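The following exercises are to be worked through with the sequence and the model at hand. Each task is followed by a solution in steps.

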Protein chains: 2
Amino acid sequence: MSYDKIMLGHGSGGRMMRELIEKHFIPVFGSGYGLGSEDSAVIPAPEGTRVALTTDSYVVHPIFFPGGNIGDLSVNGTVNDLSMSGATPLYITTGFIIEEGFLLSDLGLVIASMKKAADEARVKIVAGDTKVVDRGKADGIFINTAGFGILPEWVNVSPRNIRPGDVIIVSGTIGDHGMAVMSKREGLGFESEIFSDSAPLNTLVRDMLSVCPEIRAFRDPTRGGLASTLIEFAEESGVCILINEKALPVTSAVRGACELLGLDPLYVANEGKLAAAVPPDKADIVLDAMRKNPYGKGAVIIGEVTLSPKGKVLMKTHIGGTRIVDMLAGEQLPRIC
Amino acid sequence: MSYDKIMLGHGSGGRMMRELIEKHFIPVFGSGYGLGSEDSAVIPAPEGTRVALTTDSYVVHPIFFPGGNIGDLSVNGTVNDLSMSGATPLYITTGFIIEEGFLLSDLGLVIASMKKAADEARVKIVAGDTKVVDRGKADGIFINTAGFGILPEWVNVSPRNIRPGDVIIVSGTIGDHGMAVMSKREGLGFESEIFSDSAPLNTLVRDMLSVCPEIRAFRDPTRGGLASTLIEFAEESGVCILINEKALPVTSAVRGACELLGLDPLYVANEGKLAAAVPPDKADIVLDAMRKNPYGKGAVIIGEVTLSPKGKVLMKTHIGGTRIVDMLAGEQLPRIC
């Protein structure tokens, strides 16, 4: 499709966003400008070390939701982006854009959450910037975080390494973050409250790599959900990913909320989960290592990598058929992070 | 003063912003959280190298103004923050927050300006993120840039190094950026158009350090203007800075516009100028080197460092008196960068 204006879908993590990046950013900035192929920019540094850089802005609405707020989200999200490239996150910078009239008490809560999240992930917040815009020109608070990490020499993770036979593991239930934000935003009173899974995943990645340095790829399924992550895996490696609907871990609360709202948990954002492609003979030891980490207790195999159809994600459904899992064009849940 | 809400002045670069940082950020993040003492976070990296990290969000209104736009501003600003710490800027990350309905053609212009600025400064834009918020929840486009640079081992610049006897040099006319934005925003038709000085200063810093590695400190006087920069110099080094009003380079167009609007060019933002404290015996060779660089042609000495009153900036005025140059409490020109 062709547009002359920015639409909500252009920030969706789906096709429209990809089109925006491919048509407007890459031609100018070059192909290095992260087209979702890697969450962090990995760049050569002096002395043979490799550093990882990443950035994300957070515009989640509402800023406070069950299980977290925009503050811990902005730190965990950037910690996770670095972690997915195999890097050890070290430093974070923060940029605040705040609307005139925003409560300082709320800002205090947000900052405290950032600090707590940074401490847990053992990253330092080393630089910051604050801008204030006039009332009505922003929506409370927006936060940008950029992250810096070091990539150990022996680490080589990338969706391009995925090959037929690999198994696909997710670290726990999917859809929690997105449904927690939606339930708060829409004022929905579900039977059991749904909590965001906002969490740092650097120790989980470390634990996984320590038992299996040959892990092919990691990705945290945020905007666009697990479906978008798996499609990126399949497209970048030129393989097929076949998942089993029955194996997908979804809490009954999230499943119920999704049914009520007509949403598919496969497309709902997570903020404390990862998907990984792992050599089949190492799947058990990787799962063992994951389940010993507080953020990998719910780790399960959800599928496998096959030869064809290349670049596609297929799902064996509950009723026994097989369907293609496609990327959404636009925005299922705007402003979820 | 005590507040329970964010006010425009909290993003001003003046006292209110400093109070905000001292009261709300530093107690949580620790004293490393850039209190204007350094523009970049300089952190130890493996192998003995030091890397510099910095971040800034840009909310300038209007986004297009004579001499530049939010795009080149966002790249030059971060290049300059790294440069002021003596670092060689290498990589930039970008975070876009865009309002639904923003014209893609305008986005294209902004992106092109960023690329052009990055090329001129020889930095690479290596990562990016795009968020879209609903109409009325932002103001066109906000851009965050974070920067990464390497700090050569022999470089040691910091306002704490400033000592009595040093001379204060500025690289050219002051107030151009702020008045260019104001004239566009207010629709003022001045006799001669005023252009922003938006420019990368990394080569200028390099040229200065190459003839005088003992330069004490650099700073780019953005929000809060040259006055705020000099007050930071004085406070951090515990010296007095005595400047000469007659020596301040201001174009007649900027002077006239300031008079019309009741503004003082000392407090108006610059985006392509620097102030430096230089050992007195090296002032001439530093000035020579600066004037050979396209961004230092207008370099002049504007004052000197004296013993007391400690932490103060004094100005010999046109009429022969001496007055204290104080920091503004709040916002003279909101959303200037």
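A polar contact is a pair of N or O atoms within 3.5 Å; within protein, one atom must be able to donate a hydrogen and the other to accept it, and residues adjacent in sequence count only if both atoms are side-chain atoms. The model is predicted: local features need pLDDT of at least 70, side-chain atom pairs count only at pLDDT 80 or more, and totals for chains, interfaces and linings use all residues. Residues are numbered from 1 along each chain as its sequence is written, chains are lettered from A and ligands numbered from 1 in the order in which they are written, and side-chain values use heavy atoms, with hydrogens and water left out.

**Exercise 1. Confidence and make-up of chain A**

Task: State the mean pLDDT of chain A, and identify where pLDDT stays under 50.

Solution. 
1. pLDDT is the predictor's confidence in each residue, from 0 to 100. Its mean for chain A is 89, and 89% of the residues reach 70 or more.
2. Residues 34-39 of chain A stay under 50. For this stretch the model has 21 contacts beyond four places in sequence, a contact being heavy atoms within 4.5 Å.
3. For the complex, the predictor gives an ipTM of 0.91 and a pTM of 0.91.
4. Chain A contains eight helices and 14 strands. Helices (H or I, at least four residues) and strands (E, at least two) are DSSP runs, numbered from the N terminus.
5. Of the 337 residues in chain A, 62% are buried. Buried means under 20% relative accessible area, exposed over 50%, and partly exposed in between (1.4 Å probe, protein chains only).

**Exercise 2. The interface of chains A and B**

Task: Describe the interface by its area, its polar contacts and its contributing elements.

Solution. 
1. In chain A, 70 residues are in contact with 70 residues of chain B.
2. The two chains bury about 6,400 Å² between them, 70% of it on carbon and sulfur atoms. Buried area is the accessible area (1.4 Å probe) that two parts lose on being put together, summed over both.
3. Between chain A and chain B, 14 residue pairs are in polar contact, both residues at pLDDT 80 or more.
4. The elements of chain A that give two or more residues to the side touching chain B are α1 (15-29), β1 (41-44), β2 (50-58), β5 (88-99), α3 (104-121), β6 (124-133) and β7 (141-151).
5. Strand β6(A) supplies the largest share of that side, nine residues.

**Exercise 3. Ser171(B) and helix α4(B)**

Task: Decide whether Ser171(B) is buried or exposed, and what covers the buried residues of α4(B).

Solution. 
1. Ser171(B) is placed in the loop between β8 (167-170) and α4 (176-185) of chain B. Its relative accessibility is 1%, so Ser171(B) counts as buried.
2. A polar atom of the Ser171(B) side chain lies 2.9 Å from the backbone nitrogen of Leu274(B).
3. Beyond four places in sequence, the contacts of Ser171(B) include Leu204(B), Lys273(B), Met290(B) and Tyr295(B).
4. Helix α4(B) is largely enclosed by the rest of the structure, because eight of its ten residues are buried. Among them are His177(B), Met179(B) and Val181(B).
5. The cover over the buried residues of α4(B) includes β3 (64-65), α2 (70-84) and α7 of chain B.
6. Just after α4(B), Gly187(B) takes a positive phi of about 65°.
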